Amino acid sequence: MSDVNADGWVSSGHRPMGFPEFVIVIASIMALNPLAMDMMLPALPNIGTAFSIPVANQLQLVLSTFLIGFGAGQFVMGPLSDRFGRRPVLLGGMAVYAVASVLAVAAPSFETLLLARALQGLGTSATRVIATSIVRDCYVGRRMASVMSLAMMVFIAVPVIAPSFGQAVLLVTAWRGIFVVLMLYGLLALAWCVLRLPETLPESERRSLAPADVLSAFRQTVTNRQTIGYATAAGSVIGALFAYVFCAQQVFTGIYHLGRYFPIAFAAIAAGTAVAGFLNAQLVGRLGMRVISHGALTLYTVVAGVMLLTESLGVLPLALFMVLSALMMFSFGMMVANFTALAMEPQGHIAGTASSLYGSITTLIGIVVGMAIGQSFDGTLLPFSIGFFLSTLAALGIVLVVEKGRLFKPHHRPVT
């Protein structure tokens with residue numbers, strides 16, 4: 001899997017693609033998920049008008065059903081790709097995504113649109129899980145980290161620009177045009193993978209799908225305190241982020257009356273995640289995952305407390321909300337990648353299945369928390385502020401239990 005040629009550590013596992021093309025393909029397929037999620041934000045009012053949706057909170061289902069499909073799909077994509085190879089599962093998932101986009105374009109009812117969104121999420125679960133697996137098949141160590149960092153730069157940038165891209169589409173066509181764009185992008189990425197991406201998992205390294213083997217790997221994952229603890233904590237902080245995304249259109253246009261300038265405000269805040277990703281890559285080698293992620297979780301908690309206090313006092317103007325939201329995004333970006341690494345640290349022997357299960361656990365917990373907060377939106381920021389604070393306290397409590405009260409301190413051996 002780590003076979004490399006003498007030309008600068010470039011793996012032979014992804015031939016005929018060279019290194020730049022390989023990174024671009026991985027980034028492109030990873031981008032399917034955030035693009036399909038965040039391009040929809042400016043279109044929610046248009047969808048509500050088209051289907052005569054009486055309650056604005058109900059439009060959040062366009063986002064949450066997508067995430068439900070994404071979270072549920074991760075349960076199976078890892079084990080399937082370990083058994084049948086990366087290429088057939090990846091191409092199958094991308095085909096499902098393309099078909100779902102066509103269904104969304106033609107959706108005659110809101111319920112059909114939600115079905116299409118769930119299928120889109122299911123399709124992108126393959127791209128997210130298998131992109132990481134393909135990189136792991138081809139590279140190890142620092143080179144793997146380098147490839148993932150380059151790909152993640154695109155993955156992080158997409159949520160920043162996607163709402164503006166969606167708003168631009170709405171300037172020239174109706175909301176269904178966004179699904180046309182998503183379909184064309186998906187078909188282009190699919191064609192590229194069909195023509196250029198080889199199978200990266202050799203037959204000799206494929207795993208059994210016997211129920212006993214799969215259940216054994218699942219059991220090893222969920223019974224490890226470090227893995228399940230950081231997965232649960234990550235789910236809690238992701239839940240607050242999902243709630244922010246679910247409510248963003250209502251907050252910026254309903255409370256702060258930004259109208260079509262909403263994507264600009266959203267992009268400015270989301271840029272905090274990109275800054276955090278860059279800083280984390282520079283600092284994690286020197287400071288370690290625990291120091292950075294525990295510090296970020298502490299900042300996340302402080303931001304949540306300040307937001308709750310200022311909203312309770314009725315002194316949360318747009319400028320302060322944007323600063324606090326940007327700090328939320330920044331601390332999230334410094335936290336979640338390290339939480340993932342800490343959760344996976346004890347699972348090297350079953351990394352594929354453990355990665356799938358970790359992704360499902362964090363996404364599904366995040367959906368439950370995010371929907372609970374999002375559906376309580378009442379035209380003010382108080383429900384969001386309360387939910388943000390409580391979910392963050394829960395994450396902090398879980399990490400304290402996992403680390404036995406020892407925050408910021410590296411361990412010589414994984415917690416079991």
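**Salt bridges and cysteines**

Modeller: Happy to. Glu-403 and Arg-290 form a salt bridge through their side chains, with 2.9 Å from N to O. The term stands for a side-chain nitrogen of Lys or Arg within 4 Å of a carboxyl oxygen of Asp or Glu. Before we go on, this is a predicted model, where local features need pLDDT of at least 70 and side-chain atom pairs count only at pLDDT 80 or more, while totals for chains, interfaces and linings use all residues. Residues are numbered from 1 along each chain as its sequence is written, and side-chain values use heavy atoms, with hydrogens and water left out.

Colleague: Which parts does the pair Glu-403 and Arg-290 tie together?

Modeller: Glu-403 sits in the segment after α15 (382–402) and Arg-290 in helix α12, so the pair links parts that are 113 residues apart in sequence. Helices here are DSSP runs of H or I with at least four residues, strands are E runs with at least two, and both are numbered from the N terminus.

Colleague: And are Glu-403 and Arg-290 buried or exposed?

Modeller: Both Glu-403 and Arg-290 are buried. That word means under 20% relative accessible area, with exposed being over 50% and partly exposed in between (1.4 Å probe, protein chains only).

Colleague: How many salt bridges does a search of the whole structure find?

Modeller: It finds 4. Among them is the one between Arg-86 and Asp-82, whose closest N and O atoms are 2.8 Å apart. Arg-86 and Asp-82 are both buried. Another joins the side chains of Glu-203 and Arg-206, at 3.5 Å from N to O.

Colleague: What about the accessibility of Glu-203?

Modeller: Glu-203 has 62% relative accessibility, so it counts as exposed. Arg-206 has 22%, which makes it partly exposed.

Colleague: Switching to sulfur: how many disulfides are there?

Modeller: The search of the whole structure gives 0, where a disulfide would be a pair of cysteine sulfur atoms within 2.5 Å. Take Cys-138: its nearest cysteine sulfur belongs to Cys-193 and is 13 Å away. Cys-193 is in no disulfide either, and its nearest cysteine sulfur is that of Cys-138.

Colleague: Is Cys-138 buried or exposed?

Modeller: Cys-138 is buried, at a relative accessible area of 1%. Cys-193 also counts as buried, given its 1% relative accessibility.

**Helix packing**

Colleague: Now helices. At what angle do α12 and α13 pack?

Modeller: α12 (residues 289–312) and α13 (residues 318–344) pack at about 150°, and their axes are 8 Å apart. α12 is therefore roughly antiparallel to α13. For reference, under 35 degrees is roughly parallel, over 145 roughly antiparallel, 65 to 115 roughly perpendicular, and the rest oblique. The axes are lines fitted to C-alpha atoms, for helices over the stretch in contact, and angles run from 0 to 180 degrees between N-to-C directions.

Colleague: What is the handedness of the crossing of α12 and α13?

Modeller: The crossing is left-handed. That term applies if the near helix is turned anticlockwise from the far one by less than a right angle; clockwise would be right-handed.

Colleague: How do the residues of the contact of α12 with α13 divide?

Modeller: They divide into 21 nonpolar, 5 polar and 1 charged. Nonpolar covers Ala, Val, Leu, Ile, Met, Phe, Trp, Tyr, Cys and Pro, charged covers Asp, Glu, Lys and Arg, and the others, Gly among them, count as polar.

Colleague: And how do α1 and α8 pack?

Modeller: α1 (residues 19–30) packs against α8 (residues 176–196) at about 140°, with 10 Å between their axes. That makes α1 oblique to α8. α1 passes α8 in a left-handed crossing. Pro-20 is in α1, and Pro-20 is exposed, with a relative accessible area of 55%.

**Backbone angles**

Colleague: Last topic: what is the phi of His-257?

Modeller: His-257 has a positive phi of about 55°, although it is not a glycine. His-257 lies in the loop between α10 (225–255) and α11 (262–287) and counts as exposed at 63% relative accessibility. Lys-404, in the segment after α15, also has a positive phi, near 55°, and is not a glycine. Lys-404 is exposed, with a relative accessible area of 64%.
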